[in-house]
Amino acid sequence: MVHACTRDCYDTCIFDDNHKPLDIFPFNGFTCSRGIADLKRNSLNRIDNVYIEGKPSSIDKALDLIAKEIRKRKKEEIIHVDYDGNQGLLTWYFPARLWNVLGAASIDYSICSSEGHEAIKLHYRNSIGALPEDFPKYDSFIIWGSELVFSFIHGWNLIKDKYKVTIDVRVSETAKRSDKYYIVKPGSDAYLAIGIMKRLFERNWVDLSLVDNPEELREYIFSFEDEEIEEATGLDSSKINELAEMYHYRRPLTIIGFALGRSINGGDAISLISLIPALIGMKKGFFYANSHGLGIDFRYLRGLHKHSPSRIVGMAEVGKEVEEGKITFMFVWNSNPLHSLPMSDRIYEAVKEGRLFLVVHDPYWSETAKIANVALPAPTYLEKEDVVYSYWHNYLVYNKPMLPKRGLTEVELMRMLAVKLEITDDVVFEDEWLAIGKATGVNVTELKTKGFVKLLPRYPEDKVRVKPFPDKLKKPNGNIIVFSSHPNYTNSQFKEIYGDRKGIVYNSEFEGIGYLSTKYGKVRVMFKRDASLPRGILFVHKSFLFDLDGKPINSILGFGKGKYGNTPIINTDSVETIKA
Ligand SMILES: Nc1nc2c(c(=O)[nH]1)N[C@H]1C(S)=C(S)[C@@H](COP(=O)(O)OP(=O)(O)OC[C@H]3O[C@@H](n4cnc5c(=O)[nH]c(N)nc54)[C@H](O)[C@@H]3O)O[C@H]1N2
Ligand SMILES: Nc1nc2c(c(=O)[nH]1)N[C@H]1C(S)=C(S)[C@@H](COP(=O)(O)OP(=O)(O)OC[C@H]3O[C@@H](n4cnc5c(=O)[nH]c(N)nc54)[C@H](O)[C@@H]3O)O[C@H]1N2
Ligand code: SF4
Ligand SMILES: [Mo]
């Protein structure tokens with residue numbers, strides 16, 4: 001039998017029951033440093049018991065306490081924070097049913113990729129693009145705002161020997177390993193896409209058969225002067241010509257990174273970039289994330305066909321709402337919000353001051369679990385049954401546990417808490433395998449027997465809508481903080497294997513201790529000089545998000561968000577640097 005890695009990662013590697021990566025396309029028998037270390041990590045830093053206020057306790061006492069705290073509150077003050085720490089349908093999605101039956105507040109799941117999904121859907125109705133099987137059909141690639149060599153190793157493996165061009169705001173590792181790279185000013189990718197399309201129109205290199213309204217697009221594109229585009233992007237005309245020539249002569253696959261959606265003007269950038277392939281008549285000419293085009297009914301899994309949250313809180317605003325006292329109870333699983341949410345120091349302060357009751361269900365002692373009023377042990381993905389999808393390939397995988405279970409599964413916990421709360425709704429108690437069958441359209445018996453099946457990708461056939469066109473683009477101000485993936489960690493995970501590093505900020509000027517400051521907060525960090533970084537770019541690995549005093553770096557992020565998918569603007573501007 002098999003299992004797939006459930007971490008937030010493009011690759012969703014499938015392993016055999018000895019935890020060896022399958023030697024089939026696109027995994028090709030290898031995995032990353034995390035996949036290799038999973039068996040060793042599985043016994044380290046685990047939450048080994050139920051803890052109440054840091055002291056070992058029993059599940060019954062914990063559930064009584066949680067139920068009492070829930071009953072005390074208005075449902076609008078109760079929020080569940082769950083993200084992609086485990087991408088299993090049973091671990092991540094299904095347990096949200098309890099909270100939706102309760103009518104608690106829900107996050108909007110916007111932290112990572114929603115901005116790009118929504119921006120692409122404006123034009124294509126769905127955000128699905130190239131599948132792994134499509135990658136080898138291209139002989140060239142444009143890697144736009146993605147640190148692919150670290151974040152997407154099997155994608156990189158398929159393209160590493162082909163012609164590649166990277167567009168980034170700094171000389172990333174992917175840029176270094178590409179045939180060419182272009183360094184643009186942060187927040188200016190929308191202008192670059194406009195510049196490229198302008199050249200394509202001017203040279204009559206367009207094929208208008210796929211788009212619905214080319215004349216309106218032309219008019220919009222020509223409302224931008226070349227000087228404006230050059231000034232915004234920092235690229236001169238010859239560079240923009242080169243990119244247009246590459247699109248025309250080589251017809252590359254454009255890989256659009258998630259980081260763009262977390263940046264200034266990010267939604268507009270992704271929206272316009274996704275139009276370029278269509279404008280030259282390329283179908284499926286981009287890859288962003290395919291999860292919304294595989295026919296999985298995530299709403300059904302979360303019970304949203306029958307119940308709705310009382311309100312939706314943007315992930316950009318959770319910290320702010322905690323500070324304002326609008327959220328007083330937080331139930332966390334599959335997420336480490338102290339590490340990952342903007343203004344997360346407000347969560348820490350509210351727990352310490354007794355203004356927020358925090359429950360965390362996690363296999364590991366995450367930074368958030370460590371400060372929780374109640375910490376509950378969860379099994380890892382190697383220890384429980386689940387069904388896993390990918391946002392790149394279209395395998396649906398039945399995870400058969402290969403190690404004994406430690407802790408309570410998310411489904412067990414949800415139902416035990418429902419019993420305490422005297423909730424009998426059949427949405428909570430529907431057989432989870434029936435629900436999986438309904439939500440995926442897959443025969444579950446066949447899935448369990450075979451281990452994995454392929455989902456049918458669904459591509460909309462309509463013409464590509466050129467509208468809406470972005471109106472005003474923002475001009476970034478001052479220094480910009482830019483985050484990116486580290487090869488040995490997935491977000492906050494794997495510190496027990498590869499160690500922790502606090503608050504290192506790479507920049508073009510300073511060396512030594514100092515501060516980053518915005519109107520939202522201030523953190524004490526270690527500056528390191530990197531001559532390759534453009535002035536004004538502050539680069540941080542997104543796995544080391546605590547400062548020298550243990551305060552979240554996200555204390556300095558605000559609640560600004562993207563206009564299409566509400567993704568927090570994590571790569572934010574107006575960051576002041578202060579040398580100590
Ligand atoms: N090893 C590893 N793999 C991972 C993860 C991990 O933590 N570690 N995380 C997973 C997750 S959750 C995600 S979301 C993906 C993220 O994977 P990617 O989409 O690759 O995103 P990032 O690594 O955040 O950053 C990609 C690049 O975008 C650049 N960038 C930032 N702002 C801009 C801009 O305005 N314009 C342009 N052109 N470039 C910009 C950054 O400099 C960086 O080099 O990776 C997944 N894979
Ligand atoms: N400053 C800054 N902030 C960022 C980013 C950035 O680049 N810079 N990136 C953003 C992005 S792209 C993302 S996706 C988010 C990621 O933010 P998070 O979702 O907080 O990321 P992870 O570190 O993957 O945390 C997931 C947690 O899930 C737990 N977990 C793993 N498996 C299971 C399981 O089976 N059951 C349960 N119950 N828990 C499990 C892990 O142990 C871990 O504690 O962070 C965002 N925040
Ligand atoms: S983190 Fe990504 S590359 Fe590594 S084992 Fe998991 S799915 Fe594969
Ligand atoms: Mo992400």
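Predicted model: local features only at pLDDT ≥ 70, side-chain atom pairs only at ≥ 80, totals over all residues.
Local features need pLDDT of at least 70, side-chain atom pairs count only at pLDDT 80 or more, and totals for chains, interfaces and linings use all residues. Residues are numbered from 1 along each chain as its sequence is written, chains are lettered from A and ligands numbered from 1 in the order in which they are written, and side-chain values use heavy atoms, without hydrogens and water.

The structure holds 39 aromatic pairs. Rings of Phe, Tyr and Trp (its six-membered ring) pair if their centres lie within 6.5 Å; planes under 30 degrees apart are stacked, over 60 edge-to-face, the rest tilted. Two of the pairs are set out here.

| Pair | Type | Centre to centre | Between planes |
|---|---|---|---|
| Trp99 and Phe331 | tilted | 4.8 Å | 35 degrees |
| Tyr191 and Phe224 | edge-to-face | 6.0 Å | 85 degrees |

Each pair links distant parts of the chain. Trp99 is in helix α4 (residues 96–102), and Phe331 is in strand β13 (residues 329–333), 232 residues apart. Tyr191 belongs to helix α9 (residues 189–202), while Phe224 is in the loop between α10 (214–221) and α11 (226–233), 33 residues apart. Helices (H or I, at least four residues) and strands (E, at least two) are DSSP runs, numbered from the N terminus.

Trp99 and Phe331 are buried. So are Tyr191 and Phe224. Buried means under 20% relative accessible area, exposed over 50%, partly exposed in between (1.4 Å probe, protein chains only).

One aromatic cluster includes Tyr10, Phe135, Phe258 and Trp392.

Arginines also meet rings. Arg41 lies over the face of Tyr364, 3.8 Å from the ring centre. Arg302 lies over the face of Tyr109, at 3.7 Å. A charge sits over a ring if NZ of Lys or CZ of Arg is within 6 Å of the ring centre and within 35 degrees of the ring normal.
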